[in-house]
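Morning, everyone. I have one structure to go through today, and I will take it from the overall fold down to single residues. Please have the sequence and the model open.

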Amino acid sequence: MFLVEPEEPAALGSQNKTTHFVTEFILLGFSNQGEMQGLFFSSVLVLYLLTLLGNGAIVCAVKWDRRLHTPMYIFLGNFAFLEIWYVSSTIPNMLVNILSENKTISFSACFLQFYFFFSLGTTECFFLSVMAYDRYLAICRPLHYPSIMTRKFCVILICVCWVSGFLCYPVPIVLISQLPFCGPNIIDHFVCDPGPLFALACVPAPSTELLCYTFNSMIIFGPFLSILGSYTLVLRAVLRVPSGAGRTKAFSTCGSHLVVVSLFYGTLMVMYVSPTSGNPAGMQKIVTLIYSALTPLLNPLIYSLRNKDMKNALKKVLGLTTVQN
């Protein structure tokens, strides 16, 4: 849908132009599935429900099992809670679009989705960094760990992750939303992403585009370098452990977190470290689907399969119905 502005007065010159302002966008998503559309809808729906179930079970396990009331599991519980909202910022709308014929999203709803999707993703980067710092303290400074990672400090770190994650993107979003969108209004994606939005702007905005990509790189590489530094120190400390059993236990403690970091950052860097205009639209959608939907699904499996305490707590949570009956 477009609104048409009145023509400029003749006094302003002979270059009278009609400017169209987009009031809604069309998210194509995965609309070219044809006969496979029903199967694709069912697959994404199952993936979404399993993600809610898996991460919800971790949240309940951390809340109900007192043995998990330690900083490491409190961070993990918040991370799982974050994943529920992260996947919910895109997948429900994508499911509606798969079945819908017009596939429209209003201008304000598009940028609102943009804000929550990127704010939650930024919060996830910060949580991964804090969780790596927690493992560094636990392994490299075990004697000082209880005095440093107190309950109060743990709560402060959690609040900083949530608040700072949601304070990072208002400025880039305002800058992009102020660009003139004259049409067309078709976004070949399932989420309102800066790459396709820049492509739809009426005029080139190299300074805004450079600012946004620089900002994305800082958001990605800042926490990533922090994680890399933490695990470099952890690796040095683990290699100094004389017993093989001690090294195995230390690697087991950090292994699940490293797998999650690799999955999330691997796909994230493909999308946002370099301008997305060089990537085909199909590739953009697949990569975005991996880090926004598949990774949140795998996180509960990764953390529970490699952690005995979490496995026992999850068994307890899933067995509550049987016990009550």
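Predicted model: local features only at pLDDT ≥ 70, side-chain atom pairs only at ≥ 80, totals over all residues.

There are 13 helices and five strands in the protein chain. The chain has 325 residues, and 45% of them are buried. Taking contacts between residues at least 6 apart in sequence, 76% join residues at least 24 apart.

Next, the record. The UniProt entry, which is unreviewed, annotates "transmembrane region" at residues 39–61, 73–91, 111–133, 153–175, 218–239, 251–274 and 286–305. I looked at two of these spans in the model. Residues 111–133 are 100% helix and 0% strand, with 33 Å between the end C-alpha atoms. Residues 218–239 are also 100% helix and 0% strand, and there the end C-alpha atoms are 31 Å apart.

Now helix H4, which runs over residues 107–140.

Start with Phe107. The structure holds 25 aromatic pairs. In one of them, Phe107 and Phe181 have ring centres 6.0 Å apart and planes at 65 degrees; over 60 degrees counts as edge-to-face, so that is what this pair is. What does the pair tie together? Phe107 lies in H4, while Phe181 sits in the loop between helix H7 (170–177) and strand S5 (186–187), so the pair links parts that are 74 residues apart in sequence.

Is Ser119 buried or exposed? Its relative accessibility is 0%, so it counts as buried. Setting aside neighbours within four places in sequence, Ser119 contacts Gly165, Phe166 and Tyr169.

Val130 counts as buried, with 11% relative accessibility. Again leaving out neighbours within four places in sequence, Val130 is in contact with Phe75, Leu157 and Cys161.

Lys103 is in the loop between helix H3 (91–99) and strand S4 (104–106). Phi of Lys103 is near 55 degrees, which is a positive value in a residue other than glycine. At 10% relative accessibility, Lys103 is classed as buried, because the cut-off for that class is under 20%.

Last, the second largest pocket. Its space comes to about 270 Å³. The lining has 12 residues, and those closest to the pocket centre are Gly54, Pro300, Leu301, Ser304 and Leu314. Which elements give two or more residues to that lining? They are helix H1 (37–64), helix H11 (281–305) and helix H12 (308–318). H11 supplies the largest share, five residues. By class, the lining of this pocket is made up of nine nonpolar, two polar and one charged residues.

To recap the two items I would look at again on screen: the edge-to-face pair of Phe107 and Phe181, and the second largest pocket, to which H11 gives five lining residues. That is all from me.

Definitions and conventions: Residues numbered from 1 in each chain as written. Heavy atoms only, no water. 1 Å grid on protein atoms, 1.4 Å probe; cavity = no way out; pocket = protein on both sides within 12 Å on 5 of 7 lines; lining within 4 Å. Points joined across faces, edges and corners; volume = space filled by probe spheres on them. Helix = DSSP H or I, 4+ residues; strand = E, 2+ residues; numbered from the N terminus. Nonpolar A, V, L, I, M, F, W, Y, C, P; charged D, E, K, R; others polar. Phe/Tyr/Trp six-rings, centres within 6.5 Å; stacked < 30°, edge-to-face > 60°. Buried < 20%, exposed > 50% of the residue type's maximum accessible area, 1.4 Å probe, protein only. Contact = heavy atoms within 4.5 Å. UniProt positions renumbered as here; feature names shortened; annotations may be inferred.
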